[in-house]
Amino acid sequence: MNQGSKIINLGLLAMFCLSMVADISQAQSPKELRKLSPQEVQRIEKAAPNNAAVKPVNPRKLLVFWRCESYFHTSIPVANKALELIGQKAGAYETVITDDYSVFTAESLKQFDAVCLNNTTHLEFDPRKTPERCKALMDFIKGGKGIVGIHAATDNFYRWPEGQRMMGGKFTGHPWVAGGTWAIKIDEPNHPLTAAFGGKGFKIKDEIYRTDAPLYSRDKQLVLMSLDMSDEATKNARGVRPGDEDTGISWVKTYGKGRLFYCSLGHNNRIYWNPAVLQHYLDGIQFALGDLEVDTKPKPVD
């Protein structure tokens, strides 16, 4: 091997090692989240709804949990700030933000009206290893509280089947990548939680998760929005396969006495300064908190 080839190979090896380090750095939650720039905060503040759909019956408290044991979404701090600001601006709820598992005890969860899983991945909930943690969250939901899932919230509970059933789906891929622009249709144009979109479908640049049966099913949850497969770019995204014809974007369901709202949008930072999406999230959170009563009855496909 000549000297030039050695240099090229060493260069390629160095690039590979750097890429591996980058992947590892994205794998798990950092010890501290980055602070948003003033420009980012201003964009969120400008887009955040001025008013809540309904006035809270009682002061509400939302737990925002952002821990990642697998891929870490860099939009997490942006979403945290957005959730805090829309609660404050609309007077809908107080926000507590943490990545500490110790919050998942029956005693600690008592103070909250809903839990929001902000882009969490591969959370350590295992009935064999962490039975108390699993029981605390499930009792919280089934007892009448709420859960909100943002984007990667369906990339969790791989050792806890009941947790996945609660969420109504699990991550199995994303043919619709973050750099693409995809078409969304409104399945429930007259539903209070889709009011922000005025009954009209739209296109958005974000990463969309695949939703596979049987966990995802219109028999089990009310699907509010889904991918519009009449759009050529959406239908022909690289990696689309049979079964992707019905890919849910957001849905609601009751679980026990509790309430779940999930929305797939939230990979890209810009999602959190989209006024309609922030309104959709606020309305969904108010549903989960117990203030906004809406229909959750599934509409099975005939």
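Modeller: This is a predicted model. Take Ala 178, which has a relative accessible area of 19% and is therefore buried; the cut-off for buried is under 20%.

Biologist: Where is Ala 178 found, and which residues does Ala 178 touch?

Modeller: Ala 178 is in the loop between α6 (161–167) and β5 (181–186). Not counting residues up to four places away in sequence, Ala 178 touches Lys 205, Asp 206, Glu 207, His 267 and Asn 268. As for distance, Ala 178 and Phe 125 are 53 residues apart in sequence, and their C-alpha atoms are 28 Å apart in space.

Biologist: Now a charged side chain. Is Arg 133 buried or exposed, and what is Arg 133 in contact with?

Modeller: Arg 133 lies in helix α5. Its relative accessible area is 18%, so Arg 133 is buried. Leaving aside neighbours within four places in sequence, Arg 133 is in contact with Tyr 101, Phe 104, Glu 124 and Phe 125. Tyr 101 is 32 residues from Arg 133 along the chain, with 8.2 Å between the two C-alpha atoms.

Biologist: And Glu 188: where is it found, and is it buried or exposed?

Modeller: Glu 188 is in the loop between β5 and β6. With a relative accessible area of 12%, Glu 188 is buried. Setting aside neighbours within four places in sequence, its contacts are Thr 194, Leu 222, Val 223, Leu 224 and Lys 299.

Biologist: Next, helices. How do I read which residues of α2 are buried?

Modeller: List the residues, then look down the axis. In α2 (residues 38–47) the buried residues are Glu 40, Val 41, Ile 44 and Ala 47. Viewed along the axis of α2, these fall within an arc of 135°, so they line one face of the helix. The face turned away from that buried side carries the exposed residues Pro 38, Gln 42 and Lys 46.

Biologist: What do the buried residues of α2 pack against?

Modeller: They pack against α3 (76–90) and α8.

Biologist: At what angle do α3 and α8 pack?

Modeller: The angle is about 75°, and the axes are 11 Å apart. That makes α3 roughly perpendicular to α8, because 65 to 115 degrees counts as roughly perpendicular. On the α3 side the contact is made by Ala 82, Leu 83, Ile 86 and Ala 90, and on the α8 side by Leu 278, Leu 282 and Ile 285.

Biologist: How many residues are in the largest nonpolar core, and which helix gives the most to it?

Modeller: The largest nonpolar core has 52 residues, and Tyr 93 and Phe 261 have the most contacts inside it. Helix α8 (residues 275–289) gives the most to this core, with eight residues. There is also a second, separate core of 31 residues, which includes Phe 112, Val 223, Trp 251 and Tyr 255.

Biologist: Last, the backbone. Which residues other than glycine have a positive phi?

Modeller: Asn 119 is one of them, with a phi of about 55°. Asn 119 lies in the loop between β3 (114–118) and α5 (131–142), and it is buried at 0% relative accessible area. Phe 157 is another case, with a phi of about 60°. Phe 157 is in the loop between β4 (146–150) and α6, and at 1% relative accessibility it counts as buried.

Biologist: Which residues does a cis peptide bond join?

Modeller: Ala 213 and Pro 214, with omega at about 5°. Pro 214 is in the loop between β6 (202–205) and β7 (222–227).

Methods. Residues are numbered from 1 along each chain as its sequence is written. This is a predicted model: local features need pLDDT of at least 70, side-chain atom pairs count only at pLDDT 80 or more; totals for chains, interfaces and linings use all residues. Side-chain values use heavy atoms; hydrogens and water are left out. A nonpolar core is a set of buried Ala, Val, Leu, Ile, Met, Phe, Trp, Tyr and Cys residues joined through side-chain atoms within 4.5 Å. Buried means under 20% relative accessible area, exposed over 50%, partly exposed in between (1.4 Å probe, protein chains only). Helices (H or I, at least four residues) and strands (E, at least two) are DSSP runs, numbered from the N terminus. The arc is that of the directions from the helix axis to the C-beta atoms. Contact means heavy atoms within 4.5 Å. Axes are lines fitted to C-alpha atoms, for helices over the stretch in contact, and angles run from 0 to 180 degrees between N-to-C directions. Angles under 35 degrees count as roughly parallel, over 145 as roughly antiparallel, 65 to 115 as roughly perpendicular and the rest as oblique.
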